[in-house]
Amino acid sequence: QAEQTHRSILLGLLLGSGRTPQPDSALIRQALAERWSQWSLRGGLEMLPQALETHLTSRGVSVLRGQPVCGLSLQAEGRWKGFGHLVPSSEDPAVLGIVYDSVAFPEQDGSPPGLRVTVMLGGSWLQTLEASGCVLSQELFQQRAQEAAATQLGLKEMPSHCLVHLHKNCIPQYTLGHWQKLESARQFLTAHRLPLTLAGASYEGVAVNDCIESGRQAAVSVLGTEPKS
């Protein structure tokens, strides 16, 4: 109920369903005033399952990890529901996840409509290939993607169209001490009054909502006032 009310699991946990008195703070008031729909945690969303595991194990609950997970649901006519699913590296080190494009973006199906999916490959599998000197060809990626679609979704027919794109270093990887380095850089910019503002996925979050908030804060820093919506 809380998630449905606030359109976000984290907002729902923080603000509740609205039926009982909720705690008040400057952050909560800002979230309500600006209608935040998503939140990000400084240590990443992994902090949530870690805290939940600690809470459960302290009460004698056994938590099983590394078990096979199926995130696929079918409609009556055989179409999937949902945006897609992620794949644990313990199941397939090459596949990060699969997006159900025909469900998420049906207006792009064309005529006659087809079944479209996006298979995301990478991780340690790709790093191992590069380290071994393997040629990263489009044929290699297409074959691996087709194998994943056949195994996980039952799509065994050859695709009529296949587009392969290789994006290296497309998601920033924050190293240990990232936040301290970021704060040091900002203090340096302020102390030397440099006309430079830091914004984007490389600083305070890689998600879309993080980048939007980063851009908003950058605009406030440059303009000296909140931009009018």
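Trainee: So two strands pair if DSSP finds at least two bridges between them. With that in hand, in what order do the strands form the sheet here?
Mentor: Keep in mind that this is a predicted model. The order is 1-2-3, in an open sheet of three strands with antiparallel pairing. Strand 1 (84–86) and strand 3 sit at the edges, each pairing on one side only. From one strand to the next, the twist averages 15°.

Trainee: How many bridges hold strand 1 and strand 2 in the antiparallel sense?
Mentor: Three bridges, with strand 2 covering residues 95–99. To find one in the viewer, look for Gly84, whose bridge partner in strand 2 is Val99.

Trainee: Stepping back, how many helices and strands does the protein chain have?
Mentor: Nine helices and three strands. Reading from the N terminus, the elements go α-α-α-α-β-β-α-β-α-α-α-α.

Trainee: And what share of the residues is buried?
Mentor: Buried residues are 20% of the 229 in the protein chain. The accessible surface is about 17000 Å², and carbon and sulfur atoms own 57% of that. As for contacts with a separation of 6 or more, 41% come from residues 24 or more positions apart.

Trainee: Switching to aromatics, how many pairs does a search of the whole structure find?
Mentor: Two aromatic pairs. In one of them, the ring centres of Trp125 and Phe141 are 6.2 Å apart and the planes meet at 70°, so the pair is edge-to-face. That pair links distant parts of the chain, 16 residues apart, with Trp125 in helix 6 (residues 124–131) and Phe141 in helix 7 (residues 138–153).

Trainee: Are those two buried or exposed?
Mentor: Both Trp125 and Phe141 are buried. Tyr174 and Trp179 also form an edge-to-face pair, 6.1 Å centre to centre with 75° between the planes.

Trainee: What about His178, where is that?
Mentor: His178 is in helix 8. It counts as buried because its relative accessibility is 13%, under the 20% cut-off. Leaving aside residues up to four places away in sequence, His178 touches Ser202 and Tyr203.

Trainee: While we're at helix 3, which residue caps the N-terminal end?
Mentor: Ser25 does. One of its side-chain oxygens lies 3.2 Å from the backbone nitrogen of Ile28, and the helix itself spans residues 26–34.

Trainee: Last one: where does Phe105 lie?
Mentor: In the loop between helix 5 (101–104) and strand 3 (118–121). Phe105 is partly exposed, with a relative accessible area of 35%.

Trainee: And which residues does Phe105 touch, not counting residues up to four places away in sequence?
Mentor: Phe83 and Arg116. Arg116 is 11 residues from Phe105 in sequence, and their C-alpha atoms are 9.3 Å apart in space.

Key
Residues numbered from 1 in each chain as written. Predicted model: local features only at pLDDT ≥ 70, side-chain atom pairs only at ≥ 80, totals over all residues. Heavy atoms only, no water. Helix = DSSP H or I, 4+ residues; strand = E, 2+ residues; numbered from the N terminus. Buried < 20%, exposed > 50% of the residue type's maximum accessible area, 1.4 Å probe, protein only. Contact = heavy atoms within 4.5 Å. Areas by Shrake-Rupley, 256 points an atom, 1.4 Å probe, with all protein chains shown as cover. Polar contact = N/O pair within 3.5 Å; in protein donor to acceptor, adjacent residues only side chain to side chain. Axes fitted to C-alpha atoms, helices over the stretch in contact; angles between N-to-C directions. Phe/Tyr/Trp six-rings, centres within 6.5 Å; stacked < 30°, edge-to-face > 60°.
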